[in-house]
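These are my notebook entries on a structure that I went through for the first time. I kept them brief and in the order of reading.

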Amino acid sequence: MAKAPVLTPRADDFPRWYQDLINKAELADNGPVRGTMVIRPYGYGLWERMQAEMDGRIKETGTQNAYFPLLIPQSYLTREADHVEGFAPELAVVTHGGGKELEEPAVVRPTSEMIVNDYFSKWVQSYRDLPLLINQWANVVRWELRPRLFLRTTEFLWQEGHTAHATYEDARDFASHIHRKVYEDFMVNVLAMDVVAGRKTVKERFAGAINTLTLEGMMGDGKALQMATSHELGQNFAKAFNTRYLSREGRQELVWQTSWGSTTRMIGALVMMHGDDSGLRVPPRLAQIQAVVLAVKEDDAVLAKVHEIGDRLRAAGVRVHVDDRTDTPFGRRAVDWELKGIPVRIELGPRDLEKGTAMLARRIPGGKEPVAIDSLAGTLPAVLEADQALLLRQSRELRESRTSDVSTIEEAVEATAAGGWARIPWAVLGEEGEVKLAEQAVTVRCLVAEDGSVPDSDDAPGNVAVVARAY
């Protein structure tokens, strides 16, 4: 009888494969309240690495981290009409506390534009206070009707940036900088994800924004996932909160603002974009463990050597873990590390030690080969970089091979039904066509210029709509 696969094959049932992998790779569990999740240590380790990489890029812009309260007075949300309308269906509201009914209900933050702007209006007095650049790492709650771990949960972790500027141009340029130099750089160069950078349509933009910039990734089943967004808020929130500054010319002026965010959804994207039937494949630049050194069986000389190899690799700058749990069968340990997507396994047994070699197993391209023990520290950094590049190349090849250029709405629907994306001229599609696509569960993921760059306006000549079914 054939041995049952560890995971449901992706081709058989992609959603089941996704759930299997999250469970067996020990990324997360469902929480006790519907739609919540418990992020397990291995999954949280991935988030910590994402945080570290992103936080460094955010701080390079001059942005500082702060923290704002989880509970927001309900009245705050009435100050910007489009914003409250956009979030109203997702709100969780606290009506009682300390055994009493609250005088004013408090909303559990779905996002922090409201409370941040209340304080911006106090902190900004003159042009000398601008730009004001704030970010926070926090949790938010949006009541989710169709939850799925990491992709759509009632509570999730994220970073949210909020800034105030003296001019429209400064705010526009800062939102663009975050979009390309923070988010896109991180996704391409760390997550090894080929993403499409574009502009949201009016229908799809953030509630209360005048422009939303997005990064869209193609998952392994051909669906799209919104990876991160950067918003130009114009002066909408400044008007609502009367956030003004004294200009150099001595006039009271409203500030111009941005907000931008990315979430633990990126862990779900990591699974769906890079995972295979054997489990995760973690990009080496992201991995908290880049190489695991395994003792095949209990042997004093082998155990001593695996620890020595671990020390050498650490000295070479490799993030390494030594697995000397010889009381657990080697095959089980190897499968577990493969499920977790550790880029490289170095396996050492008594026979290998006699030959002066170790077995090098590469998770991303697959395959094993014997490598001289003394050469590991010198060769492994280059191996990891090659595997990082391979993941990015595979991501790009998938998207390009499954994206079609079409000229009609019918062709666009057909392309997405076949498990891909479509590109259609915005002049052909337009807002009426966008509504027709939505009736077929297809959305405009973003608008791009003919050359693939981000257009300056919604109706710029030559704009192309990238459309897909999405998570």
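How many residue pairs are in polar contact between domain 1 and domain 2? I found 2 residue pairs in polar contact, both at pLDDT 80 or more. A polar contact is a pair of N or O atoms within 3.5 Å; within protein, one must be able to donate a hydrogen and the other to accept it, and residues adjacent in sequence count only if both atoms are side-chain atoms.

**Basis of the entries**

I note that this is a predicted model, in which local features need pLDDT of at least 70 and side-chain atom pairs count only at pLDDT 80 or more, while totals for chains, interfaces and linings use all residues. Residues are numbered from 1 along each chain as its sequence is written, and side-chain values use heavy atoms, with hydrogens and water left out.

**Entry 1: the domains**

I looked up the domain assignment, which gives domain 1 (14–274), domain 2 (291–384) and domain 3 (402–469); such bounds come from an automatic or database assignment. Between the C-alpha centres of domain 1 and domain 2 I read 40 Å.

I then turned to where these two domains meet. Contact (heavy atoms within 4.5 Å) involves 6 residues of domain 1 and 4 residues of domain 2. The two domains bury about 480 Å² between them, with 55% of it on carbon and sulfur atoms; buried area is the accessible area (1.4 Å probe) that two parts lose on being put together, summed over both.

I counted 1 salt bridge between domain 1 and domain 2, a salt bridge being a side-chain nitrogen of Lys or Arg within 4 Å of a carboxyl oxygen of Asp or Glu. Glu26 and Lys340 form a salt bridge, with 3.1 Å between their closest N and O atoms. On the side of domain 1 that touches domain 2, α1 (14–24) and α2 (41–60) each supply at least two residues. Helices (H or I, at least four residues) and strands (E, at least two) are DSSP runs, numbered from the N terminus. By class, I recorded 3 nonpolar, no polar and 3 charged residues on this side of domain 1. Here Ala, Val, Leu, Ile, Met, Phe, Trp, Tyr, Cys and Pro count as nonpolar, Asp, Glu, Lys and Arg as charged, and the others, Gly among them, as polar.

**Entry 2: salt bridges**

For the structure I noted 29 salt bridges. One of the networks I looked up links Arg49, Glu53, Arg57 and Asp185 by salt bridges. Glu53 sits in helix α2. Beyond four places in sequence, Glu53 touches Phe186, Val190 and Arg285. From Glu53 to Leu286 I read 8.4 Å, C-alpha to C-alpha, although 233 residues separate them in sequence.

Arg180 and Glu184 join their side chains in a salt bridge at 2.3 Å, N to O. How are these two placed in helix α5 (residues 168–189)? They are 4 residues apart, and so separated by about one helical turn. Arg180 is partly exposed at 33% relative accessible area, whereas Glu184 is buried at 16%. Buried means under 20% relative accessible area, exposed over 50%, partly exposed in between (1.4 Å probe, protein chains only).

Asp323 and Arg325 form a salt bridge at 2.8 Å, N to O. Asp323 is buried at 1%, and Arg325 is partly exposed at 38%.

Arg423 and Asp405 form a salt bridge at 2.9 Å, N to O. This pair links distant parts of the chain, with Arg423 in strand β21 (residues 421–425) and Asp405 in strand β20 (residues 403–405), 18 residues apart. Arg423 is partly exposed at 23%, while Asp405 is exposed at 63%.

**Entry 3: loops**

Is Gln235 buried or exposed? I found Gln235 buried, with a relative accessible area of 18%. Gln235 lies in the loop between β11 (224–234) and α6 (236–241). The Gln235 side chain reaches the backbone oxygen of Leu254 at 3.2 Å.

Which peptide bond did I record as cis? The bond from Leu130 to Pro131 is cis, with omega near -5°. Pro131 is in the loop between α4 (113–123) and β7 (132–141).

Phe150 is not a glycine, yet has a positive phi of about 70°. I placed Phe150 in the loop between β7 and β8 (155–165), and Phe150 is buried at 2% relative accessible area. Ala441, also not a glycine, has a positive phi of about 60° and lies in the loop between α13 (426–438) and β22 (443–448).
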